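Let us walk through this protein model step by step. Keep the sequence and the 3D view side by side as you read.

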Amino acid sequence: MNIKKTIGTLMMCAISATPMMAQQTCAESYQPCTYQEMEQLTVNEQVTTVITASEPIRFVDISTDKIAGDQPINNTVRLKPKEGLHEDGEVLAIVTIVTERYRTQYALLYTTRLQEAVTDKEIQQIEKNAYNNPAVTLSSTDMARYARQIWSSEAHVNNVKTKAHKIVMRLNNIYSSGDYFFLDFSVENKTDVPFDIDQIRLKLTDKKTAKATNSQMVELHPVFTLEQTKRFRYGYRNVIVIRKMTFPNDKQLTIEMTENQISGRTISLKVNYSDVLSADSFNPIFLKRATLSDSE
């Protein structure tokens, strides 16, 4: 099919189809989709088109090099034509967006009229095709729901705590789900000086270090953190999610909280591997309670 036929077909579809019809064919029928049936976004080289997903985006494909794109934050994609030497209705590219649980596609059509260019597009439920992403065993939405339920639950670990600067840091719970550990900890500030959090770090450190041996430390990067609070006066609690791992008995998991001051306070909580091994698994009742509390 030559370009004139393509443009003619697209223009006829745009004129004859209502907005509802344009959104029904692919997502609802689960049949192979052509670009004429996709949701169409009009773009212009002087306008940035921002597409926002309801969950983190794991993969983006732009089918041609006529469109420049980037991902400034984990659930947002920015798109813009590289040049303006195109005709109205010309198909510049197909963009495919894959999140943790769904995928969607848009046909990007060029427009010479700035007022017609899409500036802000939120992916609608009807445009989402369910997708079983093999790289995701637990979605961010599920992590947040489970973490919130843990945050609200009673502490089951009573013997893992540390004290420094009149501050007590303790481990409340460790849960496991799929490929992840959920670490629930709290901090009690027994002073009248508020604690301004600089950062919270997770590390694997040596239990004991010989004088002639350099200490080895491995930084761990959380995949999810429930609370983003940066200051507390008396009490603080958070749930951090990390990937499951094993480590030798001469190592320990360290949760370190530092204060955002030149002479800031630092407190570290040491978690032995034996405590990690005793992590509770989520049971069906716990998960059901988490789902119900999230929907209320």
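**A charge, some rings and a sheet**

Start with R148: its charged end sits over the ring of W151, 5.1 Å from the ring's centre. A charge sits over a ring if NZ of Lys or CZ of Arg is within 6 Å of the ring centre and within 35 degrees of the ring normal.

Now a word on the source. This is a predicted model, in which local features need pLDDT of at least 70, side-chain atom pairs count only at pLDDT 80 or more, and totals for chains, interfaces and linings use all residues. Residues are numbered from 1 along each chain as its sequence is written, and side-chain values use heavy atoms, with hydrogens and water left out.

How confident is the predictor? pLDDT is its confidence in each residue, from 0 to 100. The protein averages 83, and 80% of the residues score at least 70. Residues 1–25 stay under 50. For that stretch the model has 20 contacts beyond four places in sequence (contact means heavy atoms within 4.5 Å).

Next, find the sheet. Strands (E, at least two residues) and helices (H or I, at least four) are DSSP runs, numbered from the N terminus. Four strands form an open sheet in the order β4-β5-β2-β8, with mixed pairing. Two strands pair if DSSP finds at least two bridges between them. β4 (67–73) and β8 (120–122) stand at the edges; each has a single partner strand, so one side of each lacks a neighbour in the sheet. Strand β2 (residues 49–52) runs parallel to β8, and three bridges join them.

Now turn to the aromatic rings. The structure holds four aromatic pairs. Rings of Phe, Tyr and Trp (its six-membered ring) pair if their centres lie within 6.5 Å; planes under 30 degrees apart count as stacked, over 60 as edge-to-face and the rest as tilted. Y146 and F182 have ring centres 6.5 Å apart and planes at 50 degrees, so this pair is tilted. Y146 is in helix α3 (residues 140–151) and F182 in strand β12 (residues 180–189), 36 residues apart. Buried means under 20% relative accessible area, exposed over 50%, partly exposed in between (1.4 Å probe, protein chains only). Y146, at 9%, counts as buried. F182, at 0%, is buried too.

F185 and Y236 make another tilted pair, 6.2 Å centre to centre with 50 degrees between the planes. F185 lies in β12 and Y236 in β17 (residues 235–243), so the pair ties together parts 51 residues apart in sequence. Finally, F185, F195, F232 and Y236 form one aromatic cluster.

Conventions:
pLDDT is the predictor's confidence in each residue, from 0 to 100.
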